[in-house]
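Have the structure open as you read.

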Amino acid sequence: MDHRFDVAERFAAGTAFVAGAPVTDADGREQEVIDPSTGEVVLRYAGAGPREVDAAVAAARAAQPEWDALGPAGRSTALRRLAVRLEEIAPDLVFAESLQCGKPERLSREFDVPGSVDNVDFFAGAARRLDGLAVAEYSPDHTSGVRREPLGVVGSIAPWNYPLQMAVWKVLPAVAAGNTAVLKPAENTPLTSVMLAEAARDAGVPPGVINIVPGEGPVAGEHLATHPDVAMVSFTGSTEVGHRVAGLAAGAGKRTHLELGGKAPFVVFDDADPEAAVHGAVAACLINSGQDCTAATRAIVHRSVFDAFVSGVADLMSGVRVGDPFDPDTDIGPLISPAHRDRVAGFVERARGAGARVVTGGRMPTHTPPGGAHYRPTLITDVARDAEIVRREVFGPVLVALPFDTDDEALDLANDTPYGLAASVWSRDAYRTARASRELRAGCVWVNDHIPIISEMPHGGRDASGYGKDMSIYSFEEYTTVKHVMQDITAVARKPWHRTVFTPR
Ligand code: NAD
């Protein structure tokens, strides 16, 4: 069944969603949603400006006490209904997500949308497990307990690569813990965030709990990050912008959580299953056209299997079908925009100019529409470890392969990056993989796989990849504050410690 719809008609009421209703006359600059596979504008909308951000924060602030007072079971019930509602509208979400990002429909249908529904479902359950330390007595005169309390209004800023998943990752732990949320999605991919807020309304989540303000980063984003009634700022995006946002928010005394860029190593030892490593590398590099913060970007491969790995990856990559996201035969769609494609191509051309070997790819396909932002899967070798393409985040379908001779060298190369988001190690030797799991500096280490995520486990990086966790109950550490309640159990008015301060006469 075809679930395509006319986007301009569907979002005619506006894209900002505040206090349970769309805002028809937002006061920000006009924004465009463009189909990156053709270059066609599918929606022009008035971006959210400071006025909508103020209204959204006010709505979130007004809604928060009652939402919190619903308690874990009450919030859980509403969020479970949201998961059901999202499942009902899954085909529409798949269409909108693929249209605005250019990701293959198959990826939206089998990964983005079910992953998002599962995450909502997880947080519906986790809302009932906001545990702290059990009651304890560390002083003979007191009982201590811990209250885990929401912060208030959470301001979230999300990127364009996985718009629905990012919206869910940012909003769900916040609201499950009793906060209310104002989310600023990337201005070029607002559609599924708005659909999430509409689904929440349809599921009976009270107005004001989830608000969406699509608008420009420096305008709507900075206004949100510095708003006096926002208690915490949660950001996912590039390292550069994340540092700026955290600086602004921290300067205003707010808690921050940053999920930033990555440059994941993919370490292949000589005893790895060669076919699994080759297939794993191609999938982990090309998922979402390589626009994935955890994508495999640096294949670090033992010299004895290096040539076989390179030719295996090149063979698979050259057969990858790049094209229309809605063609079931398409493996990877376009990048997010021609400007981003040109940025990716620039990295490859500079590497080529510096003497790197482009084994496959390194060009645009010839059969895709001229307005499309497609780029061929690309494998690069013969680069120095400090080359730009080895060090900087390219965020495209580009894999660099580097050989190594010893285990020490492999781990040293893998850790030679400012980033620390994800890494993988491929070997059949349990001692090797255990050592690598300990020594690789990253928020996630996969063993004989690369990319899978699950709602129950944390996602987040270190160093230039940020700090704090999305998903799992670990994310509640970001979105709650722990209050110590210490209660006297002696019923004695005149306590010995008082005498240290004053001596009653
Ligand atoms: P970006 O940093 O350009 O934009 C992210 C968001 O910040 C957008 O909503 C944008 O409008 C907003 N923004 C831009 N300037 C701003 C400002 N001055 N103040 C406030 N907000 C501002 O990133 P992008 O290009 O949308 O996304 C790609 C980046 O995101 C990559 O670096 C990728 O690695 C990273 N990413 C990280 C994770 C993770 O979990 N670590 C997940 C997805 C993407």
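## The two domains

The protein chain splits into domain 1 (15-28 + 39-260 + 461-484) and domain 2 (264-447), with bounds that come from an automatic or database domain assignment. Taken over C-alpha atoms, the centres of domain 1 and domain 2 are 31 Å apart.

A word on the ground rules: this is a predicted model, where local features need pLDDT of at least 70, side-chain atom pairs count only at pLDDT 80 or more, and totals for chains, interfaces and linings use all residues. Residues are numbered from 1 along each chain as its sequence is written, and side-chain values use heavy atoms, with hydrogens and water left out.

## Where they meet

On the domain 1 side, 27 residues are in contact with 24 residues of domain 2 (contact means heavy atoms within 4.5 Å). Together the two domains bury about 2000 Å², with 57% of it on carbon and sulfur atoms; that's the accessible area (1.4 Å probe) that two parts lose on being put together, summed over both.

Two salt bridges are counted between domain 1 and domain 2, a salt bridge being a side-chain nitrogen of Lys or Arg within 4 Å of a carboxyl oxygen of Asp or Glu. Arg106 pairs with Asp331 in a salt bridge, and their closest N and O atoms are 3.1 Å apart.

## The domain 1 face

α4 (90-101) and α5 (105-126) each give at least two residues to the side of domain 1 that touches domain 2. These helices are DSSP runs (H or I, at least four residues), numbered from the N terminus. The largest share of that side, five residues, comes from α4.
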